Amino acid sequence: MSDYKLVYFDGQGRGEIIRLIFAAAEVAYEDERIPMDKWPQLKASTPMGGLPLLETQGQQLFQSLAISRFLARKFGLAGKSELDQVRVDIVVDTIEDIIVPIRRFWHLETDEQRKVALRNVYLEETLPNYLNNLEAILKSNGNGDGFFVGDGVTWADLFFLCLVSRFELQVKITDPLEKYPKLKALYDRVKRVTGVAKYLSTRKESAF
Amino acid sequence: MPQYKLIYFNLRARAELIRLLFEVAGVQYDDIRVEHSRWPDIKKDTPFGQLPVLEVDGVKLCQSLTIARYVANKYGLAGKTELEKARADMIVDCIDDVSREIVKLFTEKDESKKNEMKEKLEKETLPAHFQKFEELLKQNHNGDGYFVGDAITWADISFANGISWICLLGFDNPIAPLPKLSALVKKVENHPKIEAWIKKRPTSVG
């Protein structure tokens, strides 16, 4: 019986950052995956009608980023100083800003024409601007050859992996980091972090 | 005491929570409000072309909730234990989700879609959401205290600020039928430092 139970759907989505934090920390947890057809029944019994949920110490935590920050702090993946923790949060928020529009056109927009139009705006305007920012943040930390913040991996770097997954699975861009060599190198570096590499080697494919 | 400079437009929107936290903490800060006409100039000096920015002894922080969390943590308004901090974080994130829905509505250009969205928000989404917030509040001291622990935190302040902002934008008060939440908002707004700030803050359209 683990100290932690994660409840989410059978895919990456908003749950994956939590799984990556457990993986990097090499901490065991119960990874419960809810099939889509069971969700309508379960939804009403969740605190705010959504997933992921983390059950720990008799409590139910929700909101993926709040859960992630809680775990990351516990496992030493949140940044070592007060200022580093803020820097990590800034990177996470910046990545989240890049993800929010993807949800809008991949998941929420049902009109096919609007979907294509939104995707084009995203690819031509939104994304280049944000990736420039992200690369700039990385470069401001020791010339960008390490991690986003400080001198070790933090959950900001793990969240970056989630972003790239979304590019591949949802936006369907083939080489999203082509123009961003430092970000591309970071991506490879984070995938090689011990616990992360172990986890990725057995991670199953999913639609999202 | 660090030198704080908060830079935003003359709006509540994404800076008001930060202002409220400084006020409650009794901490001095420069509340700089940028005229829209000056924005293109200021924009280049911001980390990512966005406001608010908080300068802390010259170090520039961005992302409104991250800034608010930093101030809350520094001045004892974030929760006392790690679990309390997580609870406060998740409640603030839920309030932010609601704000984002409202912003989405305001940025929708198609008029008929906009009306459809507003109807859905007022009749379905907001009531259902706030019912859940009422249940969440009741988990702690039966809803007669605060959202987290035994004292006011940024979760309560963020909630009250969110409700006030929604009403400012012309929505019906979504918590009118919810007694515990209504009492909480009143309690927050009656906090002497918040009451004083509300009386003296500049008026704005949003």
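**A friendly note on the predicted model**

1. Let's begin with one residue: Asp145(A) counts as partly exposed, because its relative accessibility is 46%, between the 20% and 50% cut-offs. Please keep in mind that this is a predicted model.

2. Asp145(A) has a partner, Lys182(A), and their side chains form a salt bridge with N and O 3.0 Å apart. Asp145(A) sits in the loop between helix H5 (112–139) and helix H6 (155–171), while Lys182(A) belongs to helix H7 (residues 181–191), so the bridge ties together parts of chain A that are 37 residues apart in sequence. Lys182(A) is buried, at 18% relative accessible area.

3. Turning to chain B, Asp144(B) and Lys180(B) also form a salt bridge, with their closest N and O atoms 2.9 Å apart. This pair joins the loop between helix H5 (111–138) and helix H6 (154–168) to helix H7 (residues 179–189), across 36 residues. Asp144(B) is exposed at 52%, whereas Lys180(B) is buried at 19%.

4. Another bridge in chain B stays within one helix: Lys104(B) and Glu101(B) meet at 3.6 Å, N to O, and both lie in helix H4 (residues 82–107), three residues apart, about one turn.

Terms used
Residues are numbered from 1 along each chain as its sequence is written. Chains are lettered from A and ligands numbered from 1 in the order in which they are written. This is a predicted model: local features need pLDDT of at least 70, side-chain atom pairs count only at pLDDT 80 or more; totals for chains, interfaces and linings use all residues. Side-chain values use heavy atoms; hydrogens and water are left out. A salt bridge is a side-chain nitrogen of Lys or Arg within 4 Å of a carboxyl oxygen of Asp or Glu. Helices (H or I, at least four residues) and strands (E, at least two) are DSSP runs, numbered from the N terminus. Buried means under 20% relative accessible area, exposed over 50%, partly exposed in between (1.4 Å probe, protein chains only).
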